[in-house]
Every structure is written in C-alpha cells, then in structure tokens.
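Let's take a walk through this structure together, from its helix pairs to its cores and a few individual residues. Have the coordinates open as you read.

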Amino acid sequence: WIRSYCMSLRPLGMEPPPERELLCIFGTGDLGRSLGQRLLQTGYRVVYGSRRPHSCGPLPPGAQVMSHTEAAQLAAVVIVCVHREHYDFMEEVAPQLKGKVLVDVSNNSKKGLYPESNAEFLQSLIPAASVVKAFNTVSAWSLQNGPSDAHRQVFLCGDKAEAKQAVRELATRLGLSVLDRGSLSAAREVEDFPLQLFPEWRLPLCIATGLTAFFFFYLLIRDVIYAYVEQDKDISFRIMVSLANKVFPIVSLIMLSLCYLPGVMAAILQLYRGTKYRRFPDWLDHWMLCRKQLGLLALGFAFLHVLYTLLIPIRYYVRYKVTAHTVLQIRENKTAVFDTTSAWRTDSYFSVGILGFALYVLLGITSLPSVSNALSWREFSFVQSKLGHLTLLLCTLHTYLYGWNKFLRPSTYKWCTPPGYMLCLVVPSVVLVLKLLMVLPCVDRSLGRIRQGWERTGPEGEGTKPLMA
Ligand SMILES: NC(=O)C1=CN([C@@H]2O[C@H](COP(=O)(O)OP(=O)(O)OC[C@H]3O[C@@H](n4cnc5c(N)ncnc54)[C@H](OP(=O)(O)O)[C@@H]3O)[C@@H](O)[C@H]2O)C=CC1
Ligand SMILES: [Cu+2]
C-alpha cells in the first residue's frame, strides 16, 4: 500500500516538455485549475483564458491569466475546461483558434442529452480548428490526489493525426496511459464512459440479489411456513435473525465458489481443446473478469454472517430457551450429560469457520489495487489461487461440520426438501472435486505444458493424448 501510495505521489511526468511549451486552458473551474497545476508541475507553462481574468480567484502559482482572445493567440493547444452549455462564447474567439488544437474534455450528466457529441458540436462551432476529445475520464480530484489505476487511462479521439499526436504526448507526460478510439465520431462513446455506474459490479450484484431472494423464500417456506402448517406454530420472528443468518452464509459460500468455478472450467476447456490459443466463450470471459467483485460481495455476506453469529448469545429467544431448559432440569431434578462429540463438532465448526473467514479477509485485502500493485504476479497468484482454494475448502468444511450427521436423518428433509446449507454445498463441492482432479500430477503436467504454449495437433502423431503424456 505504501509503495503504491508513494508511486502516486511521485511527479508523474516522464520528462519535461521541450523548451517549456506553453499551453492554454479555457475556464478556471475545478478541472481547469487541477489540470493546470499538474501541467505546471510537469514543466509546461500555462496560460488561462477566462471571462474575468482579474477576479477569477486563486490559480496555481506560475500560471498567467488573460482574456480568451489573448490567451488563445499564445498557444498552439487550447484545452477547453468549460461546460458544453457555455460553448457559444467560443465563436467570438474563432479567429484566434484557426489552425489550433482544441481539446474537448467535457462530460454530460446524462446519456443522449444532445443530438451530437460535445466534441463534434465544438468542431462545428470552430471548423478551422482540430478538435481532439480527451481527458474526460480523469477527474479534478484524481489529478490533485494522484490518479488511481482506473483514472490513469485516457481515451482519445479526433480526425487530425497531428493534433491527436500532440495531445497524446501531453497525456503521456502527465503519466496517463492513452487509448486511441479513432476518429471524432467516436466521441459520443467516449463521453458515455464516465456515465457507466460500476459496470463490472452489475453481474455479481445480480447474482447476489438472485441468490438472496431464492434462498430467503426457500427457507421461509421450509422453516416458517412449514412450522405454521405442520405444527401450527408461529415462528415468524425467526425471519429477522435466524433466517438472515442462514441466507447470508449460504449466499457467501456459493458466491465464493463461483469465483473459482470459471478457473477450473477454463482449465478443463484448455485440456479438452489441447491448446490455450483459442478464445474462451464470451460468457466465460465475462465471468472471469468479474471474479474480484464476486469475491468481495461474498466477503461482505460472510462478514454479515459473522456479525449475526456474534449476536446469538444476547438474543432474547436464545436466553429464554436456555433459562427455560435450566429451570426444567431443576424441576425434574435431572442433569443433562455432557456430550463430548457435540463439543468436538461445534468447536471444530467454529474454528474452521474462523480460519476460513480470516483467509477470506486476507483475500479481500490483497484484491485491493493498492495492495495487489505491491505484490509480484507470483505472490498475487499464490494468494488468490492457493489461499483462495484453501479458503473455499475451509468454508465448505465449516458447512459440512455444521450439517454433521443431519445429512442422513430423514427428519431433516421437511416436505422432501433438503435444508438450505445442503443445497449450497453443491457448487463448492463440485469446484473442490474438479480442482482436486486438476492438481493430480498427470493432469497438472499436461495443463502446465498447454499453458506454456504446447498444442495438441491432429488426431494422430505426437502428443495426441495429453492426459497420458
Ligand atoms: N471536474 C471534473 O472532475 C471534470 C470535469 N470535466 C469537464 O470539464 C469541464 C469543466 O468542468 P469543471 O471545471 O468541473 O466546471 P466548473 O463549473 O468548475 O468550471 C467551469 C468554468 O467554465 C467557465 N465558464 C462558466 N460559464 C461560462 C460561460 N458562460 N462562458 C464562458 N466560460 C464559462 C468558468 O471559468 P471562468 O470564470 O474563468 O471563465 C468556470 O470556472 C466540463 O465540461 C466537465 O464536464 C471532465 C472531467 C472531469
Ligand atoms: Cu458459519
């Protein structure tokens, strides 16, 4: 964490621009100031064009400020840090902007607000300039605080190659990585990027919601409605804690195993195809890409499970039952015998659960960009793969220990349905068994060869049967 923090503090520029090039920024707002400050730190000279050059408030030290017309004359590149709604003032400056590179950084608050993209609109206002769309994915905040990985990418598009090249150099000197999206007609797409809300979280959130809803109703029927119908008892109060504390661990374990399922599926696919050079189907790619989010959500559910479990001893219902049981024993003058097996069972399932949760947290921490950046690839894949599967193993074991001998007891299967925790063991068990097969020496060896680039050719000849190799 410290290492990557220091890296973000380091002046980001590669090398200073030749003979302290002068850049012009229109607009002295949030983005204008932050960008100007960064450019000055990188070694550029900056002149601001403002409507009110004498009263525009504090600017980064070293920057000059003048009217739009005057400022535009001085520089070859003008960065327009003004909202699109105010672009009409640009027409007055049009004569001074002839032949210049105009950088459009603007974003919209909504998709499809205007018939054309902001950058194309700017180009239509000043046809004699070359408009380049860039920097709209960086934010004033990240420019001041050192951009995170997500903010380090700049999308670029424009019609003139030289203009794009100039902006690309500028972005590179600011320590940003540039992705060229083609001509100015791509500006609309580029402007829509910052409007996407957590795109990589969408699928994991859908899965979490779907699983939660399914298991909630499943357990509601099996526990509350079953008791009501078959035993004429109202235990609906159990929804709040007991039911919640069943749903959360179930969803958590299933989602954790869903993080590791695509990995084994990809390995099986590679073994079956005998090569790593064929693309995975889109759904598998998509799934693999959201594993981190799946895992973090799973961790969130596990955390809830821990909190709810800590709550158990102070619950009214639990205290009532314990007291009633004690009083009953006193009345009947009986002492319940200590059951060593039960002690072993509960202790080991708690212990395994705690160890599993500790590793779970470790996985969560190492998936944070600031931490994973500080790890080498080998270290990262060791934690995420080896420790990840160990976490899955411990959490699955925790659930098996919880079930203990109830798997064989017919009374467990109310209305012929298995309890929720048994259902949730299906996916993790499958993943663990498949993973176990993958680490068998013979399978592991062929997989290792495939991953190093070896390919199984044709139906006959060398190496046709990688499993036997
Ligand atoms: N803030 C951010 O993090 C990001 C902003 N952007 C884009 O950058 C642009 C500027 O954003 P931001 O700096 O936050 O906005 P601000 O509102 O902070 O600043 C806009 C500036 O535009 C100038 N301005 C306002 N009205 C007019 C007008 N009628 N005519 C001429 N100039 C005017 C003003 O400068 P003056 O008074 O000196 O003329 C004002 O300071 C927007 O298009 C935004 O979408 C893009 C990515 C990130
Ligand atoms: Cu548990």
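How do the axes of helix α12 and helix α14 cross, and within what distance do they come? The axes of α12 (residues 291–311) and α14 (residues 340–366) come within 10 Å and cross at roughly 145°. Here axes are lines fitted to C-alpha atoms, for helices over the stretch in contact, and angles run from 0 to 180 degrees between N-to-C directions.

## About the model

This is a predicted model, in which local features need pLDDT of at least 70 and side-chain atom pairs count only at pLDDT 80 or more, while totals for chains, interfaces and linings use all residues. Residues are numbered from 1 along each chain as its sequence is written, and chains are lettered from A and ligands numbered from 1 in the order in which they are written.

## The chain as a whole

The chain holds 19 helices and eight strands. Helices (H or I, at least four residues) and strands (E, at least two) are DSSP runs, numbered from the N terminus. Of its 469 residues, 30% count as buried. A residue is buried if 20 or more other C-beta atoms lie within 10 Å of its own, exposed if 12 or fewer, and partly exposed in between, with C-beta atoms placed from the backbone.

Among contacts between residues at least 6 apart in sequence, 72% join residues at least 24 apart. Two residues are in contact if their C-beta atoms, placed from the backbone, lie within 7 Å.

## Around helix α14

Back to our opening pair: the crossing of α12 and α14 is left-handed, a term used if the near helix is turned anticlockwise from the far one by less than a right angle (right-handed if clockwise). On the α12 side, G295, L296, L299, A302 and V306 meet F357, Y360, V361, L363 and G364 of α14. The residues of this contact divide into eight nonpolar, two polar and no charged. For these classes, Ala, Val, Leu, Ile, Met, Phe, Trp, Tyr, Cys and Pro count as nonpolar, Asp, Glu, Lys and Arg as charged, and the others, Gly among them, as polar.

Helix α14 also packs with α16 (residues 377–403): their axes come within 8 Å and cross at roughly 155°. These two helices are therefore roughly antiparallel to each other; angles under 35 degrees count as roughly parallel, over 145 as roughly antiparallel, 65 to 115 as roughly perpendicular and the rest as oblique. This crossing, too, is left-handed. By class, the contact of α14 with α16 has 16 nonpolar, eight polar and one charged residues. Also in α14 is L362, which is partly exposed, with 14 other C-beta atoms within 10 Å. L362 and L387 are 25 residues apart in sequence and 8.9 Å apart in space, C-alpha to C-alpha.

## Helices α10 and α11

The axes of α10 (residues 244–273) and α11 (residues 282–289) come within 9 Å and cross at roughly 140°. The two are therefore oblique to each other, and α10 passes α11 in a left-handed crossing. P262, M265 and A266 in α10 meet L284, W287 and M288 in α11. By class, that contact has six nonpolar, no polar and no charged residues.

In soluble globular proteins, nonpolar side chains tend to be buried together. A nonpolar core is a set of buried Ala, Val, Leu, Ile, Met, Phe, Trp, Tyr and Cys residues joined through C-beta atoms within 7 Å. The largest one here has 52 residues, and C24, V78, I79, V80, L102 and V103 have the most contacts inside it. Leaving out residues up to four places away in sequence, I79 touches L23, I25, L35, V103 and V105. A second, separate core of 35 residues includes A208, L219, V247 and L299.

Which residues of helix α5 (residues 118–125) are buried? They are N118, A119, E120, L122 and Q123. These pack against β4 (77–80), α4 (90–97), β5 (101–104), β6 (130–133) and α8 (187–192).

## Residues to look up

Most residues other than glycine have a negative phi, and most peptide bonds are trans. N333, in the loop between α13 (316–332) and α14, has a positive phi near 50°. C416, in the loop between α16 and α17 (420–424), has a positive phi near 60°. N333 is exposed, with 6 other C-beta atoms within 10 Å, and C416 is exposed with 6 as well.

Finally, W454 sits in the segment after α19 (441–451). With 16 C-beta neighbours inside 10 Å, W454 counts as partly exposed.
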